[in-house]
Protein chains: 2
Amino acid sequence: MKLTRIVYTVFVCHTLFAQTVSDYSATTNAIIKASLKDSATYDRLSELCDTFGPRFSGSKNLEDAIDWILNEMKNDNLDNVHAEGVLVPHWVRGEESAELMVPHRKNLNMLGLGGSISTPRTGICAEVLVVKDFNELEERKAEAKGKIVLFNAEFTSYGKTVQYRYSGASEAAKVGAVASLIRSVGPYSMDTPHTGVMKYEDGVRKIPHAAITVEDAMMLQRMQDRGQKIVVKLKMSAKMFPDAKSRNVIAEIRGSEKPEEIVVIGGHIDSWDVGQGAMDDAGGCMVAWDALNVIQSLGLKPKRTIRCVLWTNEENGLGGGKAYRDAHLDELPNHILAVESDGGVFAPEGFGFTGSPKALEIIREIGTLLEPIGAGTIKVGGGGADIGPMKPFGVPQAGLHVEGSKYFWFHHTNADMMDKLDPQEVNKCKAAMAVLAFIVADMPERLPRVKKE
Amino acid sequence: MKLTRIVYTVFVCHTLFAQTVSDYSATTNAIIKASLKDSATYDRLSELCDTFGPRFSGSKNLEDAIDWILNEMKNDNLDNVHAEGVLVPHWVRGEESAELMVPHRKNLNMLGLGGSISTPRTGICAEVLVVKDFNELEERKAEAKGKIVLFNAEFTSYGKTVQYRYSGASEAAKVGAVASLIRSVGPYSMDTPHTGVMKYEDGVRKIPHAAITVEDAMMLQRMQDRGQKIVVKLKMSAKMFPDAKSRNVIAEIRGSEKPEEIVVIGGHIDSWDVGQGAMDDAGGCMVAWDALNVIQSLGLKPKRTIRCVLWTNEENGLGGGKAYRDAHLDELPNHILAVESDGGVFAPEGFGFTGSPKALEIIREIGTLLEPIGAGTIKVGGGGADIGPMKPFGVPQAGLHVEGSKYFWFHHTNADMMDKLDPQEVNKCKAAMAVLAFIVADMPERLPRVKKE
């Protein structure tokens with residue numbers, strides 16, 4: 001207690017006279033030290049993930065988790081803790097399976113893709129046509145009629161490969177397929193299917209769409225290459241229900257001098273309906289939330305408001321990000337910076353930043369202060385899906401960058417669970433978020449925006 | 001064709017005068033070159049795995065695969081191609097599932113353990129007691145009655161950790177548990193359960209026994225550590241049928257001078273009923289089989305017989321290894337060496353050898369010839385489960401050693417599929433097996449045995 005008071009005094013004196021980013025060096029070090037002192041953040045993240053399970057839009061799990069978080073945030077004595085209503089899509093995968101029937105019978109581990117229609121109750125049993133990409137589908141379109149098309153697209157980057165998950169069903173339907181499968185969008189597999197959102201093109205017949213594992217997709221490719229007939233039976237009982245009620249979660253440290261000026265930090269509280277969504281993105285939520293707590297625990301009072309937002313429905317609709325923008329339209333001119341963590345809370349490397357050149361310089365100066373924890377690299381371009389809707393309104397954007405080499409191993413799978421995260425790496429992410437948010441919220445100069453033309 | 005004949009002549013002349021291991025240098029290099037020339041071995045291994053699926057004892061898959069192999073071996077013009085009958089256990093897992101009911105509902109990816117009894121048709125729904133090891137079970141035995149015991153033993157080595165899979169059910173039953181679960185025996189998981197054989201202790205009540213994933217076992221441990229009540233519902237319809245007929249597969253290159261003296265090389269053709277058993281152990285079978293083909297393709301005629309044996313039922317009974325020993329008892333004094341590949345066909349590093357010091361010296365000399373492909377390291381001690389039954393009869397034993405850092409990632413899982421293997425690594429394993437077998441079968445000196453006291 002005594003120590004805390006001394007620290008408090010040091011900081012208050014210090015920050016009263018802070019004029020430049022480098023003057024925040026001692027404050028930064030104190031935030032880092034306090035962030036790394038124990039495993040409380042990891043433990044609370046575990047409790048959230050273990051107690052409620054994955055938090056899919058429309059699920060009781062998600063709303064129970066949100067209730068718990070709101071209660072915990074109030075117990076943390078954070079300011080202005082509240083929820084804001086959002087209507088979200090409500091898709092339920094139900095029972096589902098894929099079985100190889102020919103040349104031998106084998107259960108194919110699979111996950112239906114979010115938004116897919118169901119199969120008939122007895123399933124769809126059909127020959128399989130394997131194609132590597134849309135070009136090959138075009139070349140072989142005469143063979144596709146009445147078949148299940150498998151897109152066996154090798155993972156290159158997420159951006160390039162995800163198109164088969166997103167648009168594969170309609171492309172397959174256009175050439176007469178009765179269902180479509182994709183090779184899971186991920187660079188490494190241990191029989192680990194990946195789900196994710198898909199979309200039907202207007203005016204095109206809807207067919208069921210699911211992901212099988214990398215292993216099985218490669219097997220079916222080999223079978224086709226050696227001329228073996230392949231028959232698969234796909235059963236899915238997925239159903240889209242009317243939109244459900246969910247909520248964005250908000251907590252703040254109210255600014256001491258310019259409370260109307262806001263630095264937003266956050267992640268998305270919803271996840272897919274598999275695993276625990278520990279990395280994607282309960283961890284991002286937790287480090288933003290506990291960034292407030294570490295700032296508060298040091299007695300630091302930023303001039304501007306730091307607002308933690310946990311957006312709902314990032315995964316299959318972006319409902320939370322859009323609703324936040326709409327509910328806070330009047331405030332957006334005073335949104336100084338929005339920072340999202342949605343790349344996993346592995347060892348932080350820095351931030352990607354989208355904003356004015358002058359602002360970039362300032363963020364880079366803050367980066368130098370984060371070098372002791374390896375989080376000093378500021379790259380041009382960055383943000384996050386949930387803060388994206390604020391971009392057209394001129395709000396500068398930053399996204400936490402981490403050592404993400406295994407991110408797409410676990411992304412949207414049952415393997416995205418707490419064991420994949422490390423307590424100290426989580427702490428470092430928390431420190432990086434807290435330092436960036438605090439300095440931008442506290443420095444005398446308002447982070448300069450791109451000037452309107 | 002012309003080249004082959006020249007090569008043939010060179011070798012025949014060469015080997016006629018070969019007196020020491022180093023005289024086999026040119027022959028070794030020719031075997032290595034021929035082994036590495038294309039991906040035919042990998043392709044045939046793929047065809048075996050893709051066409052028939054996993055080859056579990058008692059299954060039609062296994063017998064269909066054996067029929068295909070016998071036919072292919074005959075087409076390869078190998079000598080003495082035939083099968084030898086073996087009675088094998090016939091356990092069928094049937095439908096099975098585990099579901100976390102409290103604190104939230106979650107499907108727990110699982111695999112019943114081979115030999116387990118079923119649950120009642122409606123399943124077993126009970127509270128879970130998590131223990132880290134047998135010591136903790138002993139300490140907490142008063143809490144176990146009526147519960148499902150989960151052994152959350154962290155993977156250290158296979159030998160140390162597998163005891164919970166093998167003996168966990170009976171230990172849990174002794175303290176009143178109604179079922180038992182283990183954390184899958186593996187060092188890394190992407191929601192990947194591992195099966196394997198288990199055994200009930202005589203006179204102890206039998207309870208169902210299954211493996212859940214590392215992720216879920218760690219989750220249940222965390223729940224218990226924070227005082228949360230855990231309820232799991234386990235359903236298994238596993239059934240043991242009467243012993244079924246299977247076969248060991250044999251093919252040879254008949255010795256030109258001492259055909260009654262035999263060098264055995266092989267792997268086990270059965271697998272678990274998951275994945276493809278590509279690494280464990282179709283790959284071992286394929287490299288032993290194609291070792292004969294590469295020797296034959298070069299026109300090499302060893303003085304002694306090289307016999308490829310593909311044992312059945314290694315995984316859950318060792319029926320093939322025991323039956324081979326029993327059917328060939330009279331020949332065992334003339335078994336010069338037995339070599340098994342059952343550690344995966346990743347990049348070969350050498351062999352482990354069990355035999356006389358003089359024989360070890362010779363094997364080490366052969367090792368030096370394998371250094372160009374990195375397979376030169378000969379370690380003391382080694383063999384394989386299927387050749388183990390011949391050990392008490394004095395048969396020297398060698399086991400192929402490979403870069404096995406990921407072997408237990410895939411072992412007994414749905415992830416043990418062809419994509420985990422590399423064509424050139426498979427070729428190098430084939431080369432190492434062929435070189436060792438050929439030199440030991442051809443050198444003037446019979447590999448010396450340990451002298452009987």
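**Strand pairing, chain contact and domain division**

Strand β1 (residues 79–92) of chain B pairs with strand β10 (residues 239–253) of chain B in the antiparallel sense, over 11 bridges. The model described here is predicted. Within the pairing of these strands, B:H82 stands opposite B:I250 in β10(B). Strand β10(B) is also joined to strand β12 (residues 304–311) of chain B, by 5 bridges, and these two strands likewise run antiparallel. In β12(B), the residue opposite B:I250 is B:V309.

The contact between the chains takes 29 residues from chain B and 30 residues from chain A. On the side of chain B that touches chain A, the elements giving two or more residues are α3 (40–52) and α7 (214–225) of chain B. The largest share of this side comes from α7(B), with 6 residues. By class, the side of chain B that touches chain A consists of 11 nonpolar, 10 polar and 8 charged residues.

Chain A is divided into domain 1 (2–91 + 242–442) and domain 2 (94–237). The centres of domain 1 of chain A and domain 2 of chain A, taken over C-alpha atoms, are separated by 36 Å. The contact between these domains takes 11 residues from domain 1 of chain A and 13 residues from domain 2 of chain A. The side of domain 1 of chain A that touches domain 2 of chain A has, by class, 6 nonpolar, 4 polar and 1 charged residues.

Technical notes: Residues numbered from 1 in each chain as written. Chains lettered and ligands numbered in written order. Predicted model: local features only at pLDDT ≥ 70, side-chain atom pairs only at ≥ 80, totals over all residues. Contact = placed C-beta atoms within 7 Å. Helix = DSSP H or I, 4+ residues; strand = E, 2+ residues; numbered from the N terminus. Nonpolar A, V, L, I, M, F, W, Y, C, P; charged D, E, K, R; others polar. Domains from an automatic or database assignment. Pairing = 2+ DSSP bridges.
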